[in-house]
Amino acid sequence: MANLRSSRFQLLLVLQVLMLIQSKVLCYQYKVGDLDAWGIPTSTNPQVYTKWSKTHEFKMGDSLLFLYPPSQDSVVQVTAQAYASCNLKDPILYMNNGNSLFNFTSLGDFYFTSGEPGHCQKNQKLHISFGNGSAYSPSYGPSALPDSAPSYPTVFGTIPAPPSSAPSQSFPVLMVAVIGFVVCSLLSGNL
């Protein structure tokens with residue numbers, strides 16, 4: 001067994017911990033609507049949230065950031081039925097601080113609308129279908145959207161793009177731990 005007080009063992013342990021810390025976590029925060037933020041869609045872009053949700057693919061750990069003036073708007077998470085009928089009574093979640101963050105912690109369909117009366121009827125609503133590879137609003141359907149939606153820069157800082165389907169360049173945490181254990185064992189003479 002290795003001497004736990006030896007400087008070599010302690011150095012290897014520190015290196016292993018540093019390698020674990022360096023493991024990438026690929027979760028992203030998406031600003032809803034990009035430059036359009038969260039508000040009533042304009043007449044020139046009435047399907048802004050439908051187009052926006054279609055151009056993003058979400059995964060567990062990602063989050064949605066709704067930005068809006070807190071004195072003028074809010075965000076509510078509602079059921080599919082409430083979303084379709086713009087019923088704001090009995091929401092699942094109510095956020096009104098102007099900088100509202102929603103984290104994906106489970107798979108499924110998520111429905112959001114403005115908490116202000118009349119805004120939902122003006123298409124200030126968002127449907128995210130998470131976990132089945134698609135994210136679009138069924139109120140318009142994917143056929144109503146152009147083949148490629150424009151990408152907008154953001155004035156609030158960069159919004160990371162979803163990772164490509166290419167394999168990750170970072171080692172999984174378990175692999176780093178196994179390699180660290182093997183190296184420690186080899187240097188201590190146990191293998």
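Let's start with a pairing: β1 and strand β2, residues 63–67, run parallel and are joined by three bridges. Two terms first. Strands here are DSSP runs of E, at least two residues, and helices are runs of H or I, at least four, all numbered from the N terminus. Two strands count as paired if DSSP finds at least two bridges between them.

A word on the source. This is a predicted model, where local features need pLDDT of at least 70, side-chain atom pairs count only at pLDDT 80 or more, and totals for chains, interfaces and linings use all residues. Residues are numbered from 1 along each chain as its sequence is written, and side-chain values use heavy atoms, with hydrogens and water left out.

Q29 has S63 of β2 as its bridge partner. Y30 stands opposite L64 in β2.

Now the other pairing. β2 and β5 are antiparallel, with five bridges. There, L67 is the bridge partner of N99 in β5.

Put together, the order is β1-β2-β5, an open sheet of three strands with mixed pairing. β1 (29–31) and β5 (99–103) stand at the edges with a single partner strand each, so one side of each has no neighbour in the sheet.
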